[in-house]
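Please load the model in your viewer and keep the sequence panel open beside it. The stops below each begin with a selection and then say what is found there.

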Amino acid sequence: MKPLTSRQVILASRPIGAPQASDFSINEKLLNAPEAGEILLRTIYLSLDPYMRGRMNAVTSYAPYVQTGEVMVGGTVSVVEASNSPDFTIGDFVVGYTGWQTHALHDGTDLRKLDPGQAPISTALGVLGMPGLTAYAGLLDIGQPKAGDTVVVSAATGAVGSVVGQIARISGCRVIGIAGAQEKCRYAVDELGYHACVSHHSSDLKSQLAEACPDGVDVYFENVGGSVFDAVFDHLNVAARMTVCGMISHYNETARSDEPDRLPRVMRAILTRRLKIQGIIVFDYSHREPDFLADVGRWIRNGELRYREDIVDGIDNAVSAFQGLFTGKNFGKLLIRVSDDPTLG
Ligand code: NDP
């Protein structure tokens, strides 16, 4: 194999507030042939996810942060281009975490092979991947919806939210979405089968929610936080469940001084309304993966569950596409097509 270069997106400096293009740089790294036990991967799809914003801060959380000068972390679907490993053959498709780069040498650890005959390989990063599992476990295991319940989900048309809302609908619930653009709200009702969807851009979100949820809210799947949380919280019924999955409206915050102090109000409501509020970190739910893949795979095949991908071409566009996650520019699971997908013919 001739040496080749991997084009990489590097975290050059830690963003303050919203990430800027200047916080990243492009590097060309020369890769040699794989050594014993190694494989060479060509990235086809790179997943862009809100959690990556947290990895840009030097703050210890549930996972290590990215060092400046390092390649940005990220889930990828790749094809094996050269193999010096008995476990992989040229042409195998794999899902793993090889980051924001066009090629990677890898020892095979934590890679999962994909069968393109089963589902489009891109879905391993979305509806049949980490965001889908988050939705499945976060709604069913934590939210515990019952037929007839009213379920509210924010970021309702995104990678996680769209699966949450549809599983709730399949479970016999009344589903209310909260999204940004009117086009997204229409899609939630017309394509995803939600009973209603309200825009968080509206100045009277709270009263619109009251109208859409005449019997209150039994399950709230929280992806956003901030004013969206405020609007939903007062509608939670006695014994309601809330899955805290994400708080994207806070991820670029630099100071919290103008935020209202929600704690006394929230604690009083937890007490008097006997609320159950639980966070989810998807890594705790790998034991649910077989059920998740079986159920969601079946719902997709029989047309009960739909998914939408927002695909942007080229690794050089990763930063601008990532910025768009925080302004609602993406419509569906955000992916970078880093190189040609040979399964599409
Ligand atoms: P999405 O595909 O939903 O994209 C993000 C969306 O969030 C945007 O399109 C936008 O939708 C909405 N949004 C962004 N900024 C704001 C804001 N300031 N106010 C209101 N809405 C906003 O992303 P994902 O589905 O991948 O992620 C959704 C949430 O789930 C995130 O909070 C993420 O961190 C979390 N998550 C948590 C996991 C876990 O294990 N806990 C795992 C995976 C995801 P719109 O245009 O509708 O406003």
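**Stop one: a strand and its partners**

Select I39 together with H106 in β6, its bridge partner in that strand. Before going further, note that this is a predicted model, in which local features need pLDDT of at least 70 and side-chain atom pairs count only at pLDDT 80 or more, while totals for chains, interfaces and linings use all residues. Residues are numbered from 1 along each chain as its sequence is written, and side-chain values use heavy atoms, with hydrogens and water left out.

Nine of the nine residues of β3 are buried, so the strand is largely enclosed by the rest of the structure; buried means under 20% relative accessible area, exposed over 50% and partly exposed in between, with a 1.4 Å probe and protein chains only.

Strand β4 (residues 76-83) is antiparallel to β3 and joined to it over seven bridges, with T43 partnered by S78.

**Stop two: a parallel sheet**

Select β8 to β13, six strands that form an open sheet with parallel pairing, in the order β10-β9-β8-β11-β12-β13. At the edges stand β10 (196-199) and β13 (276-279), each with a single partner strand, so one side of each is left without a neighbour in the sheet. From one strand to the next the twist averages 15°, with axes fitted as lines to C-alpha atoms, for helices over the stretch in contact, and angles running from 0 to 180 degrees between N-to-C directions. Within this sheet, zoom in on β11 (residues 217-222) and β12 (residues 236-244), which pair in the parallel sense over five bridges; V217 has L236 as its bridge partner in β12.

**Stop three: the second largest pocket**

Select Y97, D110, M130, F283 and E289, which lie nearest the centre of the second largest pocket among its 22 lining residues. Its volume is about 520 Å³. The elements giving two or more residues to this lining are β5 (93-96) and α2 (130-143), and α2 supplies the largest share, three residues. The lining divides into 11 nonpolar, seven polar and four charged residues, and at least three come from each of domain 1 (4-126 + 307-344) and domain 2 (130-301), bounds that come from an automatic or database domain assignment.

**Stop four: the cavity**

Domain 1 and domain 2 each give at least three residues to the lining of the largest cavity.

**Last stop: a loop residue**

Select K146, in the loop between α2 and β8 (150-154). K146 is partly exposed, at a relative accessible area of 49%.

Technical notes
Helices (H or I, at least four residues) and strands (E, at least two) are DSSP runs, numbered from the N terminus. Two strands pair if DSSP finds at least two bridges between them. On a 1 Å grid over the protein atoms alone, a cavity is a set of points where a 1.4 Å probe fits but cannot get out, and a pocket is an open set with protein on both sides within 12 Å along at least five of seven lines; lining residues have an atom within 4 Å of a point. Grid points are joined across faces, edges and corners, and a volume is the space filled by probe spheres set on the points. Ala, Val, Leu, Ile, Met, Phe, Trp, Tyr, Cys and Pro count as nonpolar, Asp, Glu, Lys and Arg as charged, and the others, Gly among them, as polar.
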